Amino acid sequence: MEQEEIHLRDYLKVITKHRNLVIAVFALIFVAVALYTFSTTPLYKGTTKVLIEKAASEELTGNSSSRIYDPEFYETQYQLIKSRAVAGRVVETLDLAANFDAYRGKNSENTSLLQSIKGWFGSIKDLISGSSTDEETAAKDPAAELVRVADRLNEGIAVNPFKNSRIVTISYLSPNPEFAAQVANATAKAYIQETMEMKLASTRMTLEWMGKKAAEEGAKLESVERALQKYMVDNDIITLENRLTLTPQELAQVSSQLVTAESKRIQLETLYEMVQQVAGDYQKAMAIPNISADPALQTMRAQILKAEQNILELSGKFGEKHPVHKKAVADLDILKSKRDQEINRIIQQIRNQFELAQSDETNLRAQLEKTKAQAQGLNQRFIQYGALKREVDTNRQMYDALMLKAKEQSITQETHPVTLWIVEEASVPLAPVKPNKKKNLLLGIIVGLMAGIGMAFFVDYLDNTIKYPEETEKALGLPVLGLVSLYHEEKGLPIEEVVLKSPRSAFAESYKALRTSLMLSTSEGVPEKVLITSAAAAAGKTTTAINLSGALAQAGKRVLLIDADMRKPRIHKAMKINNENGLSNYLAGGKANILKKGPHENLTVITAGPIPPNPSELLSSRLMPQLLERLSQDYDVIVIDSPPLLSVADSRILTRIVDGTVLVTRARKTTYHMASRALKLLTDINSPVLGLVINALEFKKSDYYYQYYYASYGNYSNYGEATEEV
């Protein structure tokens, strides 16, 4: 379901509805602001403008730090201005320790009632907390009195920087305009003096510390220099650097030679193993390349080959027994013997070479280890030397830096770390700055209106009661059949007799309007059987039933009014009718006549009768619908008054046997929650609900439309008769 748009007139309606509350809140706030404004002592402000800049720190080396914006620096300066030290200087300069109240103007004729009340409460607070004792002690101790006055002076000092500038205003508020200007100017000067003294004190402390530190560093430098010199002498550090340079080269050379020797030894070892395997077998030995490649052996092999060829020739020519042949064979044997000797020599040579290679490898490896040990020893001594030398260099740099800084401090101690100038001294103010009467009154009007309107909306939000037909119809989804004003009984006329005895009064017109709404609620006119009920007690359902019956009787309808509220019956009392026999007697099986003549010729009444112990069971019996069916043939309309819906089940029993139900609500008493629960009980059993009646509505508290209706049409009669104002 689309939410309905809220218009401006809805807000105006809320404000109009609670206009008395709005006016009361506005008046309260405005009067309070006005009293405060006109009773406050006027305060004058003395203002001094000061230029504050962070000065660049110049050094002897020519370096200087640039001027950059430093929020912490400026905030520090603001706190320094408001410090107790600066305030104490002002107190001493202006001699305020004993005459602060007189200078400030505490006893002046302008002291307001509000200030007097504050002072009175302050005196009580001091008495409770013991501050008066502190003031007596301060009066005896000048130092304590100075601190107390300085703290009080600081309460009125304000420091405010100008945006996007280095200008700062130092202000002081006081009832005495001359005193305000004096304090502002004195505070600026005291701040400059305090800054200078802080710088001088800091420089003195720095120089003292640097002097002590420089002496310590000098002694330390001398000690480490002596230690370095002794170490250099003990370890011959003068030639150590040259040796440290040559040792890596020597180490690399020995490593290279060792690799070569190891490779040669491996080759000879392999050859030697091969020679050992063929020991004694000269033919196999000659197959080894290193043996066969020997030039002498090759020559002998050629001679042996030639001798063998010669033997073959001599054998064929002379025969084997010829002396020449024998001599040739003997020569061959001699050659072979020499060959074998040569092979043995070569094998011995290989053995010797292998053993020599082993010896060279062992010697080179030992030399490498010795060189490594020498290198490590040199490195350790050089590392120790480097550590001592670095310590000497570090101490020398520290000593030189301290000496340079001490000279800088001694030269620049007169310089100022902050650039301070009094740009504009405070002049005696001509007009007070507080209170701003126009501003305060305007704020009082604005805040008063806003608070009043806000309170109106807040009260309206908390108010969940039924009051207006438009809101009720939107919230509950049912038409409002009639509005009945709140009745103020006058001239001894009870509310139940107004319709019949004062038919042209505004109150009677409300029920006539309800009668008309009932006539238009269905296409056949007024329903034959109408049940009048409410969500809770004291909503006015019985009064509505009686007056509606009277209005219908005046319209010529034959009306029967039945009091079905057998728990708290009231119709017989209102109409002054005997209640010995009534509805309870009939439903219990009685045969007596229960119809009684009403105050109008067209109105008949059935009272509730004696209160039974079981009203719900009686109403649930078959006699009740039979009674209504039989009586509906004799009467045009039957109006039934029943108990509240949320209290008992009687009304839900009756609503099933009637043609329509009217729910009566009391303005500003019945909540929407109660009405919703009551309607849910009716809709759950499909009861025909005709609509709502808003009873006891105060038109004077309603919006302009209902006030206009009340004023225009509520207080006259067609025949000029006086009517009741309701």
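**Close-ups of a predicted model**

**View 1. E262, a partly exposed residue.** At 30% relative accessibility, E262 counts as partly exposed, a label for values between buried (under 20% relative accessible area) and exposed (over 50%), taken with a 1.4 Å probe on protein chains only. This is a predicted model, where local features need pLDDT of at least 70 and side-chain atom pairs count only at pLDDT 80 or more, while totals for chains, interfaces and linings use all residues. Residues are numbered from 1 along each chain as its sequence is written, and side-chain values use heavy atoms, with hydrogens and water left out. You'll find E262 in helix α10 (residues 237-277); helices here are DSSP runs of H or I with at least four residues, strands are E runs of at least two, and both are numbered from the N terminus. Leaving aside residues up to four places away in sequence, E262 touches E361 and R365, with contact meaning heavy atoms within 4.5 Å. E262 and E361 sit 99 residues apart along the chain, yet their C-alpha atoms are separated by 5.8 Å.

**View 2. Helices α16 and α25 packing together.** Here α16 (residues 469-476) meets α25 (residues 672-684) at an angle of about 50°, with the axes 11 Å apart. Axes are lines fitted to C-alpha atoms over the stretch in contact, and angles run from 0 to 180 degrees between N-to-C directions. The pair is therefore oblique, the name for whatever is not roughly parallel (under 35 degrees), roughly antiparallel (over 145) or roughly perpendicular (65 to 115). On the α16 side, E471, T472, A475 and L476 make the contact; on the α25 side, it's Y672, A675, S676 and L679.

**View 3. Helix α15 from end to end.** The 26 residues of α15 (residues 437-462) should span 38 Å at 1.5 Å a residue, and the end C-alpha atoms are 36 Å apart, which agrees. That expected span is 1.5 Å times one less than the number of residues. Which residues of α15 are buried? They are N440, G444, G448, G452, A456 and D460, and they pack against α1 (8-17) and α2 (19-39).

**View 4. Helix α4 and the residue after it.** In α4 (residues 84-94), the buried residues are V86, A87, G88, R89, V90, V91 and L94. Just past the end of α4, D95 takes a positive phi of about 55°.

**View 5. Stepping back to the whole protein.** The protein has 26 helices and 12 strands. Of its 726 residues, 39% count as buried.
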